[in-house]
Structures are given as C-alpha cells and as structure tokens.
Amino acid sequence: MSTDFKYESSGYLKYFDNPKKLIVSVDQELVDYYRKSVFIKINRQKYDPHISVVRKEIPNGPWGKYEGELIKFKYSGEVRNDSVYYWLPVECVRLEEIRLELGLPLISDITLSPDKFHRFHITIGNIK
C-alpha cells in the first residue's frame, strides 16, 4: 500500500507529565475538513486534534526539551479507516528524531496508525 504525503501542515509540541505524554497539536479546521469529507456520520475525536509522539511509554531522555517547538509534518489527504477509527497517515522525520533522543524505538503501538502501516497518524473521528 503506497501513501502519497503531498500535504503539509504544522503544530506545536506539548508535553504532559502525569502520565507522561507528548503530542503535536493539530489545527481543528484540518480535522473538521477531512471528517466532513467522509460519506457517513463519524463522531468527533475525544481529544483535541493531535499527533501522538509518546504515550504509555517511559522515556529515558531530555523530557520537555522541545516544549512549544513548531513541528512541520506531511500527511496524506486520503482518509483511512478500519471498523472503528478514521485517520490521516502522517510522516515526520523530526518526530522520529525526538523519539530516538528520548530513548524510545521509532515504532510504538500508540503512535502507529490503526492499520499499523504508518509511524504516525491524526485521528479524525470514530464510529463508537
């Protein structure tokens, strides 16, 4: 399965301490646009739009070092889905670098897209 990452966007890194979590904030309008492009009604995501970078993991590196850094990323405009979730695949070398600096592997079950095909994703909704 080939993915064309032809669109670019950006967001800011946000760290949380309890529990440890690192995300990139994503523009709500971007997510709303793609959610409206799906031909069935899907529910808005539970949390503000984001790309998960660290969650349910114990980092072993400089936590908080890049707070507020503007992260540029590429994404596919092709909405993907499984039986519950709808998402956009994301590609971002900078996030891979940060994960490695934190002593984490490039691949995490949390950051992977639900189909386990892309290292990062933006959830746009679900049918729960």
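**View 1. Tyr 7 pairs with Tyr 75 of β4 in this predicted model.** The two strands β1 and β4 run antiparallel and share six bridges. Strands pair when DSSP finds at least two bridges between them. Strands are DSSP runs of E, at least two residues long, and helices are runs of H or I, at least four long, both numbered from the N terminus. Residues are numbered from 1 along each chain as its sequence is written. The model is predicted: local features need pLDDT of at least 70, side-chain atom pairs count only at pLDDT 80 or more, totals for chains, interfaces and linings use all residues, and side-chain values use heavy atoms, without hydrogens and water.

**View 2. Tyr 75 also stands opposite Val 90 in β6.** β4 and β6 (residues 85–91) are antiparallel and joined by two bridges.

**View 3. Side chains alternate along β4, residues 70–75.** Ile 71, Phe 73 and Tyr 75 point to one face and are buried (under 20% relative accessible area, 1.4 Å probe, protein chains only).

**View 4. The lining of the largest pocket has 28 residues.** Tyr 47, His 50, Ser 52, Arg 55 and Thr 123 lie nearest the pocket's centre. β1 (7–17), β2 (20–25), β3 (50–55) and β7 (120–126) each supply at least two lining residues. A pocket is an open set of points on a 1 Å grid over the protein atoms alone, where a 1.4 Å probe fits, with protein on both sides within 12 Å along at least five of seven lines; lining residues have an atom within 4 Å of a point.

How values were computed
Buried means under 20% relative accessible area, exposed over 50%, partly exposed in between (1.4 Å probe, protein chains only).
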